[in-house]
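The following exercises ask you to read a structure step by step. Try each task by yourself before you turn to its solution.

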Amino acid sequence: MIYRKQGHVVRWENGTLLRVTESGAARETGGLFECWPEPERKRRTGFSLSMDRLKPVLRFSMLERVIVSRGYAEHEYGDRRWSEHTHRFHASIVHDHLRVLVDREEDLEPIANALQKIGREREAPRHLRLAPNVTAALLPFLEEAKQTSGGVDGYGDDITESSINFYRPSYRMRPVRMPFNLALDPGVTTIDEALPRAIALLEPVQGLTLRVLIEEERSVYPAVVTVTGIEGVAAERTWYPYGAGAYGAEILVSA
Amino acid sequence: MTRFAHAVHEELWSHGRRVESRLSYGEAVHETDGSITATDTRDDALVARAEAQLERLRAAMPNDALVRLVAESTLEGDTATMTVREGALSIVTDPEHVQEDLHLMRTAGVPPAARAVCRRPLLWKNGTAAILLHEAHGHPLEHHHEPLPLPDWLHVEAPLIERRQTFRDVPLLRMQHVRVTQTNAPFDLPEEHIEVTMVDGGAYEPLTQTITIRVSASSIGAFTIVEPRANILFLGARGDAQRYPGVICSREGQELVVGSHAPALVTAFR
């Protein structure tokens with residue numbers, strides 16, 4: 001069977017606005033994966049990216065990179081048809097030889113403000129909170145993380161809590177088996193808001209060991225945290241574009 | 001208004017069996033307001049040229065390894081790139097050089113278990129010094145950092161031009177090639193040294209001006225160098241620049257081939 005995708009993306013990348021319209025198809029025959037463009041199939045779906053929305057973001061002088069995109073795609077696989085809208089934000093901010101990656105616009109300001117106050121590296125506290133963006137990046141390494149239901153995968157199959165699904169971010173990529181919408185079950189949902197809070201990652205996650213930016217009372221410092229247990233998971237979840245999607249929640253961990 | 005157009009046909013072969021085939025084409029038009037409009041518009045002539053390059057690659061590829069073929073035709077010309085991987089070693093080559101580069105890879109020495117890297121001087125053979133200078137000199141220039149201080153006898157040509165991997169990408173100022181040459185260099189090779197014969201990859205961290213070089217084959221096996229670029233000491237060089245078959249440079253997610261040439265170079269770290 002042939003998979004087809006057509007779509008349009010508007011991307012603002014470090015000062016350059018890019019509009020991409022394309023359409024393509026892919027086929028798997030035995031062990032062979034093939035893909036090719038089908039430009040005659042595409043329909044223009046006109047929309048733009050508001051520059052006004054970016055102005056608050058661009059005032060941060062610590063920005064090393066900003067990429068904002070908005071897209072729409074239509075998919076078909078056999079007799080299945082589905083569509084999706086996407087909106088992505090990615091920024092990296094730097095201060096004093098440290099870099100923080102931010103993948104949600106709303107997270108940028110609090111992280112940038114904290115990063116400017118950063119002090120010397122300290123030992124990690126024994127108990128701390130992880131902000132939803134930090135939790136989301138950690139989820140693939142947590143045995144407790146599970147696929148949650150919602151949406152369809154790269155073959156148009158429903159994603160349920162127990163289904164096996166395949167991730168296909170582009171028609172040019174061979175679908176790979178991957179859990180979707182990773183999340184933690186909220187068990188104990190009471191989180192002590194007085195505890196130190198890891199608000200951002202300073203390095204890519206290495207298993208259960210994270211180098212993070214911690215806010216503790218009025219101080220901000222980098223620390224390496226090795227998560228040894230999860231003591232609480234807040235009920236509120238926020239989606240992040242990590243892997244095939246991850247729902248980050250504020251969690252309480254021992255380290 | 002300028003226009004970029006290309007056609008790319010890429011294939012992945014595993015021990016003589018084709019496992020992936022990707023055809024891609026399109027154009028990017030730079031509008032007068034600075035924005036870029038990119039579409040998968042087909043240029044039949046470019047597609048035909050890319051297919052011809054792919055045929056050349058297929059005819060030359062080895063059938064006993066993992067091989068990626070990338071045939072690209074742009075308005076400026078054609079490229080035919082072949083990446084061959086055997087275990088931990090890989091080369092980036094073309095139909096004209098594949099046999100000699102395979103010989104280099106297969107005689108570079110099978111890497112034993114990695115040992116902790118010592119501070120012994122390094123002799124960069126087979127053109128591998130181009131990777132060192134790619135990371136320590138070329139990437140800093142892309143980030144508008146100061147050029148690396150070089151001794152009078154060492155010269156590095158690393159011209160920066162706007163390049164992009166696909167019509168969907170924003171062009172970035174990137175190295176076109178790295179060509180290292182020496183003129184009347186000293187060459188007092190310390191008796192205790194490590195011979196670097198193949199390099200698998202590298203990186204430059206602009207925040208700390210630190211380079212990472214992953215040596216895949218050497219006289220002590222595989223090891224990784226992580227050093228501030230200011231720590232590099234250039235001790236000597238010998239011979240003409242030799243082509244190193246192995247540089248696909250990735251930055252901002254865009255992978256580009258960077259031609260690399262260097263003589264035998266002796267360095268140490270402070």
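**Exercise 1. Describe the make-up and overall form of chain A.**

Step 1. Begin with the secondary structure of this predicted model: chain A holds three helices and 15 strands.

Step 2. Next consider the radius of gyration of chain A, which is 20 Å and thus close to the 18 Å that the globule rule gives for 255 residues, so chain A is as compact as a globular protein of that length.

Step 3. Along the principal axes, the C-alpha atoms of chain A fill a box of roughly 60 × 40 × 30 Å.

Step 4. Finally, turn to burial and contacts: 36% of the 255 residues of chain A count as buried, and among the contacts between residues at least 6 apart in sequence, 59% join residues at least 24 apart.

**Exercise 2. Determine which residues of helix α2 of chain B are buried, and where they lie around the helix axis.**

Step 1. In α2(B), which covers residues 98–107, the buried residues are B:Asp101, B:Leu104 and B:Met105.

Step 2. Looking down the axis of α2(B), we find these buried residues within an arc of 95 degrees, so they line one face of the helix.

Step 3. The other side of α2(B) carries the exposed residues B:Gln99, B:His103 and B:Thr107.

Step 4. To see what the buried residues of α2(B) pack against, look to three strands of chain B, namely β5 (78–86), β6 (89–93) and β12 (194–205).

**Exercise 3. Carry out the corresponding analysis for helix α2 of chain A.**

Step 1. Within α2(A), residues 105–115, the buried residues are A:Asp107, A:Leu108, A:Ile111, A:Ala112, A:Ala114 and A:Leu115.

Step 2. Viewed down the axis of α2(A), the buried residues fall within an arc of 160 degrees, so they line one face of the helix.

**Exercise 4. Describe how chain B meets chain A.**

Step 1. Count the residues on each side: 22 residues of chain B are in contact with 22 residues of chain A.

Step 2. On the side of chain B that touches chain A, β2 (17–30) and β3 (36–39) each supply at least two residues, and β2(B) gives the most, with nine residues.

**Exercise 5. Decide whether B:Gly236 is buried or exposed, and name its contacts.**

Step 1. B:Gly236 sits in strand β15 of chain B, residues 232–243.

Step 2. A residue is buried if 20 or more other C-beta atoms lie within 10 Å of its own; B:Gly236 has 21 such neighbours, so it counts as buried.

Step 3. Leaving out residues up to four places away in sequence, B:Gly236 touches B:Ala185, B:Pro186, B:Phe187, B:Asp188 and B:Val266.

Methods
Residues are numbered from 1 along each chain as its sequence is written. Chains are lettered from A and ligands numbered from 1 in the order in which they are written. This is a predicted model: local features need pLDDT of at least 70, side-chain atom pairs count only at pLDDT 80 or more; totals for chains, interfaces and linings use all residues. Helices (H or I, at least four residues) and strands (E, at least two) are DSSP runs, numbered from the N terminus. The radius of gyration is taken over C-alpha atoms; the globule rule is 2.2 Å times the number of residues to the power 0.38. A residue is buried if 20 or more other C-beta atoms lie within 10 Å of its own, exposed if 12 or fewer, and partly exposed in between; C-beta atoms are placed from the backbone. Two residues are in contact if their C-beta atoms, placed from the backbone, lie within 7 Å. The arc is that of the directions from the helix axis to the C-beta atoms.
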